[in-house]
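Thank you all for making the time this morning. I would like to walk you through one structure, going from the chain as a whole down to a single residue, so please have a look at it before I go on.

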Amino acid sequence: MALLEFFRPSKKTSASLAKERLQIIVAERRQAGSDEPSYLPLLRQDLLNVIRKYVDISPEQVSVVLEQRDDDISVLELNVTLPDAYK
């Protein structure tokens, strides 16, 4: 069975795709070294699309902030205001 799985790769989960995207973002951030990352609006839209699969929210209810604390530490803060029905 393992031989067949080698030729037929399994479908990637959303968690593994998100991990790969974040790794790309971190690598780009280290290379660019700019204050305002160019990928942040796209990342915000991707996160909003994923959240909308489960909860009906508007773009104003999602806040994404990237904070640079040290030379090697970045903090990605995601705040989502859920409707009362989901609390």
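Predicted model: local features only at pLDDT ≥ 70, side-chain atom pairs only at ≥ 80, totals over all residues.

If we take the contacts between residues at least 6 apart in sequence, 30% of them join residues that are at least 24 apart. The chain has 87 residues, of which 14% count as buried, and its accessible surface comes to about 7400 Å², with 56% of that surface belonging to carbon and sulfur atoms.

As for the layout, the chain contains 3 helices and 2 strands, and when you read along the sequence they follow the pattern α-α-α-β-β. The strands β1, residues 62-68, and β2 pair in the antiparallel sense over 7 bridges, and a hairpin of 5 residues joins β1 to β2.

Is L76 buried, partly exposed or exposed? Its relative accessibility is 38%, and because that value lies between the 20% and 50% cut-offs, L76 counts as partly exposed.

Which residues does L76 touch, if we leave out those up to four places away in sequence? The list is L22, L40, L43, V64, V65 and L66. For one of these, V65, I can also give a distance: L76 and V65 are 11 residues apart in sequence, and 5.9 Å apart in space from C-alpha to C-alpha.

Methods:
Residues numbered from 1 in each chain as written. Heavy atoms only, no water. Buried < 20%, exposed > 50% of the residue type's maximum accessible area, 1.4 Å probe, protein only. Contact = heavy atoms within 4.5 Å. Helix = DSSP H or I, 4+ residues; strand = E, 2+ residues; numbered from the N terminus. Areas by Shrake-Rupley, 256 points an atom, 1.4 Å probe, with all protein chains shown as cover. Pairing = 2+ DSSP bridges.
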